[in-house]
Every structure is written in structure tokens, then in C-alpha cells.
Amino acid sequence: MTDLDVYSSARAMAAAVAAKEISARELLELHLARIARVNGDVNAVVSLDEERARGGAAEADQRLARGEPVGPLHGLPHAFKDTHEVAGWRTTFGSPLRADYVPKRDDLVVERIRGAGVVTIGKTNVPEWAAGSHTFNPVFGTTRNPYDLSRSAGGSSGGAAAALASGMVPLADGSDMGGSLRNPASFNNVVGLRPSVGRVPSWPETNAWELTSVGGPMARSVEDLAFLLSVMAGPSRRAPLSLETPGSAFAPPLHGDLAGVRVALSVDLGGAFAVDHAVADVIAQQPTVFEAAGAVVEDAHPVLHSADAAFRTLRAWVFQHRFRALLEKRPDGFKQSLKDNILLGADLTGEDVARAYQQMTSIHDRMRAFFERYDVLALPVSQVPPFSADEEYPTTINGEPQPTYLDWMRSAYLITVTGCPAISVPAGFTPEGWPIGIQLVGPVRGERRLLEVAHAFEQATLVGERRPQVGATR
């Protein structure tokens, strides 16, 4: 057995398994011991099935022993987001209405990750129906931030981010509509990428042409994130919007640097949203990092004045279409904030939806022009640091009321409707020790260049190497 620990890189773990320096069974036991140590406090991994995982690890070792070809993630323990259907594994969506649901087939993203050789161990916790950026639900309870157990882990991929940060899994999958990969990455000092639409194809879908929600990778480093993206990305005939570039185009190593990179940095997109002072302080320190590495930084931002209306219209439309029949049958089966959002969609007209798509089209044109002048846009991931886990959402920012559970997420969801890839990278900590991420945004379909820039920024700061104190580190 090698000197790997649970915070070793996913690439190092996979290489060690492939070289038979560590067995898949030994690697699994390393992670199961960590889960036993910290998951009782963090509550990130749910539907854990240790015996089935041990059987999967034994099978992985047998395949290597027989000399069979294996995938790039062979032997890595993995827990899938609990909104991604995994054949034969309980998948609850965080809802009591699906508490005992066991799918018969894999979602496409699960199919690809399982096909790359992971050992499935369970699921990662989510908010009810993945709605909202705080992970709690009536089935499994609240996921807590490993950097401070009194704080939220974010969401909706909050279980995934917290599991990564606390060393329970080496990689994680997630999805993002209004920030569900980016916000929890920021809250947990890990990396989360919202890719361009079609980069990570999704199937099955009720609307295969949906533009707001995408799947994507999470990891503890940009290179490990690229490693997982190389498995998740690539064309599929089952997904009509999927992009043709093969996943291998995003595989590490990453070699980019920041010399000459043109960075537009904005704390609040020109007053488009309120930003907690602690978050603003961390973001305001980042020009020094970029400039020291040779980048050119300007205080600039794109015009996104119609993005808020477009996102809220399309989100309500999607929720109404997806949940209206179930809500009619089980009106008491939804949390109130989600029920309200579903009902908002009932009053939308065809003209409202058409207007939202027109707004998105104009935003796309403005962003294309913006990225002719800049290589990357930098702004906060979240407008607040990790908030109390006992709150559903932050009700104020710097004393300013936030009327709905969406208001504090504008910094993420305004970027959603641009269609641009956006990555959350660790940037600093508040005086209380709460993580803060920076959101780096690139032009549509520009993931490879964005990953190179994010990797160079990560190496310039090394903020992502700070681990939480929950449990032991080995």
C-alpha cells in the first residue's frame, strides 16, 4: 500500500490503482474509514452501502488481475448526486415523495462515470428536488460545512462539495441551474465548474432543449476537475444539444499561466446585487494575485440588466412544467418556497417565455462582444459567506432585506443565462475561517482556456490546499 491519503489527488489515486500500488479495496477502506469518522457530523454521503461497495472494489481488482482494459477512474470510490439516477441504488431527490425510489437505469452522466471504472458507494445529499442553495431535506436532514459545522454547505450539490472538502470522496458530480455547482464549491473551498450548455450532455430529460440547467464536475483541484470533465464531456446522440468536442480535449495536465491574460474584475457587476462585506473584501484582494502573475486587470463588467428577469421566468417555467402534476396530487409534499416557485410558473404566458429567450439572445451577443476585449470575467461566486445551517436562506445582506430565496444567488444565476462556462476557485477566507470562492467566467465553449486560467490562479494562491479541521486528515 502506498502513502496515499484521502486528500491525495484523484489522478494520483487512479494511477496508483492502475499500477497496482494500492488495490481498489484498500482505497475504498481508506475512504470508508474517513466517512465513518466525519460523516456523522457533516452528513454529506447518504444511502451508503458499504457491502455493495466492497463487492464493487473486489470486482475492480479482479478486472486488473485478469489484465482487462479499464477506464481512467478505475477503482476510485464515488458517490453520485442524489438527483442523478443510478440503476439499483436508492435515489430520493431529497423528497419524501421519492424516499424509496430505486431507478432501473443510469442517467447518462452516471453511465459515463460508472463506465470509467468508479466504485459506487452511495449518493451525496441535496436540497428537496435540488431547489435552493442550502442542502437540507426531510429524508436525510441537513448537510453541514466541514469548515464550520454551524454553517451551510450550500447547494444543491452541497453534499458533493462537503464530501470532497472533508476527504470522503476524491471526485464528485453535480448539476447547476442557478449556482448549484458553484455556490457549494465556494462554501467548501473546492472547485466546481458550470460548463457551457451541451458540454456535459444529459439524458433522459423532459425538455432536451433546456438551456438553464447543466451537469458538471467538482474536485479539490482544477486538474482533478479537468480529469473528471474528460469523462463526463463529449457528444451523445441522445442529447440533441451536446457538443461534438470529445471529453479527452479537457484532460490534464494543464499548462496555462496568467501572463498577458486580460481580466475584467467586478465585485457587484456595477451594483447588480448586494455583496456581503466579507466577500467583497476577499474579491477586492484578487487583482494583486492576477497582476503579480502577469495578468492585466481592469474594473469592468458586461451589461446584464435583463438577466434577472430571464432567469426567474425560465426557472419558474421549468419548475411548473416539471412539478405541476405532482404538486396537484401531493400539495403537502413540497417545502413552501419550492411550492411558491412552482405556482409562479402557472401564470406565465407564451409571450413571457419568448421574451426570456429574446433576452438571453441579447445577453449572448453582449457577452460575445465583451470577450473580444477580455479573456476572463472575475466576480464573486456567492454574495454571502457560508450562512447559518439553521436558516433556509440569508434574509439580509449587510442589513439589506433579501425577500426571496433566490435574491442572494444573483452573482451566480446572472451568469447562468449568459450560457458561458463559469468555475468557482478557492480565493480566501473570512476572519471566522469561512471559505470564499472567486467565479471565473470565459466565453461560450471556452472551457479548456478557462481551466488553464483557473489552474494558474489556483497555483498562485494555494488557498485550496487549506483543509477543514473536522476529523483527522488521514
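Biologist: How many aromatic pairs does the structure hold?

Modeller: The structure holds 15 aromatic pairs. Rings of Phe, Tyr and Trp (its six-membered ring) pair if their centres lie within 6.5 Å; planes under 30 degrees apart count as stacked, over 60 as edge-to-face and the rest as tilted. This is a predicted model: local features need pLDDT of at least 70, side-chain atom pairs count only at pLDDT 80 or more, and totals for chains, interfaces and linings use all residues. Residues are numbered from 1 along each chain as its sequence is written, and side-chain values use heavy atoms, with hydrogens and water left out.

Biologist: Why is the pair of F319 and F323 called edge-to-face?

Modeller: The ring centres of F319 and F323 are 5.8 Å apart and the planes stand at 85 degrees, so the pair is edge-to-face. Both residues lie in helix α10 (residues 307-329), 4 residues apart.

Biologist: What makes F387 and W408 a pair of that kind?

Modeller: Their centres are 5.2 Å apart and their planes are at 80 degrees, so F387 and W408 are edge-to-face. The pair links distant parts of the chain, 21 residues apart.

Biologist: Why does F387 count as buried?

Modeller: Buried means under 20% relative accessible area, exposed over 50%, partly exposed in between (1.4 Å probe, protein chains only). F387 has 6% relative accessibility, so F387 counts as buried. W408 has 1%, so W408 is buried.

Biologist: What sits over the ring of W203, 4.9 Å from its centre?

Modeller: The charged end of R238 does. The rule asks for NZ of Lys or CZ of Arg within 6 Å of the ring centre and within 35 degrees of the ring normal.

Definitions and conventions: Helix = DSSP H or I, 4+ residues; strand = E, 2+ residues; numbered from the N terminus.
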